[in-house]
Amino acid sequence: MAIDGTSHQVDVAVVGYGPVGMTTAALLGQAGHRVLVLERYAGLYNLPRAAIFDDETMRTLARLGIAEELLPKLRVQHSYEWRNGSGDLLIEQGYAETGRSGWAEWYSMYQPDLEEALDRMCRSSPTVHVRHNSPVTAVRQDADGVTLSIDGGEEINARYVVAGDGGNSFVRAALGVGQQDFGFSEPWMVCDFRFRRATAVPAALQLGDPAGPTSIISLGPDHHRFSFMLDSEEAFAFERAPDKVWARVARHLSREDADLIRVATYTFRSLVADSWRIGHVLLAGDAAHQMPPFLGQGMCSGVRDAQNIAFKLDLVLRGRADDALLDTYQTEREPHVRAVIAKGIELGRTQTIRDPMRAAARDARLIAGRAAAEAPEKIRFPGLGPGLLSDGGGALSVQGVVDDGRRKGLLDQVVGAGFHLLLRPASVPALRPRLDALRDAGVTIVAPGADSGALPFVHDVNGSYAAWFAEVGVDAIAVRPDFYVYGTATGTGVATLAENLLAAL
């Protein structure tokens, strides 16, 4: 039954229409499921919150078909500086033009541009319906699904609910889900500007000044953000005055350079919900976890949640997997989230030292490390925890450029989304008896090698897959729709990997 705006029975109800809810709805809509989005606000929020995203998130946006239209509105950032109050360089972190997922490792954005593109994607889907002015007021469950009460008395029945309704999630509170607090809580004032003219401003700078820790970050080509740590939440009422804000940024910006478009206060927190799945309800994004912004991974983590949830709900709704598959969402994603939170807290505490003596000791240690030519630690996130994985699974996959003789581009755009089984060309003959079964189960067979003839062979244009196979030391890599490796195999184990994948599907 198609959604026509009045249907009260849907496959999935998504609560909250920020980037996480939008991504979830768009992915499920691509898969053909009936999705109803319930948003309490009258329209798009239209103000920036997140500032950056990574190559893995860009791969998701490319899968949704909006990456190319976003590129002119984004800024690719190649370095991230940490300096002290005197301006001495403490850390310089580099970011690659092409990351593991085939896109630049760091994009700066103006969030309303992203949300407008995601909104168009959702509204273009015939099976996705978006309703604003629809705050959820109650949540009830039974064996068949969830009933959501909407302000005004209307009720919506859904087989599943994805709650992406933010850090103050009504759904999480209504279900009585507790949260673990990691103890990092800091008040900051966030000031956003729209440029009137080209102006030289640091694009990505953390200023570890004990007199006032500050963050300066690009929001794409036309906007910029200055964030200032406050002594208390109460200080915001005084510090938010426009004249005081302009005085704070006077070294970099004048009223002739830019317009001040927003001043807000945020308390950076570190929280993880105790349960991310409660019956037929799944918590995603800030509803499931909140993290300090020092790694720029808040929205990225929510998009990873959406990918994980969407492909599993697709399997369950199609009857190809048992409902118990949804239990793997938290077991897989939570270790990754906790690692990001821990690293964010570590960096945040390093930057926000307020004691001058401790700050001086920090500066001396980091400057000595640079003088000794010690490269900054490369920040690497862990793979997935236990879940829908076979031997060798859990790592983020590589995406390279391939050519199938008809089209050249990144793998997803050439061969499509879904499960991929990547094979060394020499392994294909041994799997020929299983190829039809794998394709019937929705698995795309790809053999990136020197051949560029008929599928399943594709040309490994930049040698990305040859390098990956050599790095891992395997002959086959199965990749899930959320870009994470399902499993790997060598030699005779390739057939076993194929059988395990068929059994999982």
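Phe 193 has 0% relative accessibility, so it counts as buried (under 20% relative accessible area, with exposed set at over 50% and partly exposed in between, using a 1.4 Å probe and protein chains only). Trp 246 comes out at 10% and therefore counts as buried too. The model is a predicted one, where local features need pLDDT of at least 70, side-chain atom pairs count only at pLDDT 80 or more, and totals for chains, interfaces and linings use all residues. Residues are numbered from 1 along each chain as its sequence is written, and side-chain values use heavy atoms, with hydrogens and water left out.

Now for the rings. A pair of aromatic rings is described by the distance of the centres and the angle of the planes. Here, rings of Phe, Tyr and Trp (its six-membered ring) pair if their centres lie within 6.5 Å; planes under 30 degrees apart are stacked, over 60 edge-to-face, and the rest tilted. That rule gives 15 aromatic pairs. One of them joins Phe 193 and Trp 246 edge-to-face, at 5.2 Å centre to centre and 70 degrees between the planes. This pair ties together distant parts of the chain, 53 residues apart: Phe 193 sits in strand 13 (residues 186-195) and Trp 246 in helix 7 (residues 242-249). Helices (H or I, at least four residues) and strands (E, at least two) are DSSP runs, numbered from the N terminus.

Tyr 465 and Trp 468 make a tilted pair, with 6.4 Å between centres and 50 degrees between planes. Both belong to helix 13 (residues 464-472), three residues apart, or about one turn of the helix, and both are buried. Elsewhere, ring pairs link Tyr 80, Trp 82, Tyr 95 and Trp 106 into a cluster. There is also a charge over a ring: Arg 248 lies over the face of Phe 228, 4.8 Å from the ring centre (the test being NZ of Lys or CZ of Arg within 6 Å of the centre and within 35 degrees of the ring normal).

Setting aside neighbours within four places in sequence, Thr 57 is in contact (heavy atoms within 4.5 Å) with Met 299, Cys 300 and Val 303.

Zooming out, the protein chain has 14 helices and 28 strands, and 56% of its 505 residues count as buried. Among contacts with a separation of 6 or more, 72% come from residues 24 or more positions apart. The C-alpha atoms fill a box of roughly 70 × 65 × 40 Å along the principal axes.
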